[in-house]
Amino acid sequence: MQPAQLLKILRVAEKLKCNTRHCVTSTGRPESVAEHSWRLALMAMLLTGEFPELDLNRVIRMCLIHDLGEAFTGDIPTFVKTDADSRREDDLFDRWIQTLPADVRGEWESLLEEMNAQKTGEAKLYKALDRLEAVIQHNESDIDSWLPLEYSLQLTYGAENVRFSPYLRELKQEIDQWTREKIAASEQKNQ
């Protein structure tokens, strides 16, 4: 890849450092899309031993590109994102991908097709981790930053995505326990 091409891609990706998500960090600062993607990739890397049958390098690559469309649209929380929002994000991302060098374009199109189909173990793992990372981040944030609908969403978000894996089901149970304890502590504090 020519250095100028690399820099052009990185300039678009840099927008993910600036675009914030609905959630905040444990210090109360808005979380960036890039921070979410980084920790998602880290989660995948840490789970290599739990999923020896999967190509975790491919999962990490999925994690790294999964929200690049938000460089063009910003983050729209899942509970307000419409099908039209999703189509617009996908269209803008796809148009940008078409401008990339052929080797990068081919790999990313392949990854995105696999991610959208949700048929392979790699795609299912990426999607489950994407959901779980969001729930973990909410648990790390101050509960005062939660919207009322998030009290129940914390316990249901990602539950469907972890069904294929005993390990992920156990991880989700652990996260849910943390959520329940956080809610109970908040209720006790407010009495």
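**Close-up views of a predicted model**

View 1. Cysteine 23 is in no disulfide either; its nearest cysteine sulfur, that of cysteine 63, is 18 Å off. A disulfide here is a pair of cysteine sulfur atoms within 2.5 Å. Searching the whole structure for such pairs gives 0 disulfides. Cysteine 23 is buried, at 6% relative accessible area. The terms run as follows: buried is under 20% relative accessible area, exposed is over 50%, and partly exposed is in between (1.4 Å probe, protein chains only).

This is a predicted model: local features need pLDDT of at least 70, side-chain atom pairs count only at pLDDT 80 or more, and totals for chains, interfaces and linings use all residues. Residues are numbered from 1 along each chain as its sequence is written, and side-chain values use heavy atoms, with hydrogens and water left out.

**View 2. Helix H6 from end to end.** H6 covers residues 83-97, 15 residues in total. Helices are DSSP runs (H or I, at least four residues), numbered from the N terminus. From first C-alpha to last, H6 reaches 21 Å, close to the 21 Å expected at 1.5 Å a residue. The expected span is 1.5 Å times one less than the number of residues.

View 3. Which residues of H6 are buried? They are Glu89, Phe93, Trp96 and Ile97. Seen down the axis of H6, its buried residues fall within an arc of 100°, so they line one face of the helix. The arc is taken from the directions from the helix axis to the C-beta atoms. An α-helix has 3.6 residues a turn, so residues three or four places apart point the same way. Turned away from the buried side of H6 are the exposed residues Asp83, Arg87 and Arg95. The buried residues of H6 pack against helices H1 (3-13), H4 (56-65), H5 (70-73) and H7 (102-117). Contact means heavy atoms within 4.5 Å.

**View 4. Glutamate 89 in H6.** Glutamate 89 sits in helix H6. Its relative accessible area is 6%, so it is buried. Leaving aside residues up to four places away in sequence, glutamate 89 touches Gly69, Glu70, Thr73 and Lys81.

**View 5. Glutamine 137 in H8.** Helix H8 (residues 121-140) holds glutamine 137. This glutamine counts as buried because its relative accessibility is 7%. Beyond residues up to four places away in sequence, glutamine 137 touches Cys23, Val24, Thr25, Ser26, Glu31 and Arg39.

Conventions:
Helices (H or I, at least four residues) and strands (E, at least two) are DSSP runs, numbered from the N terminus.
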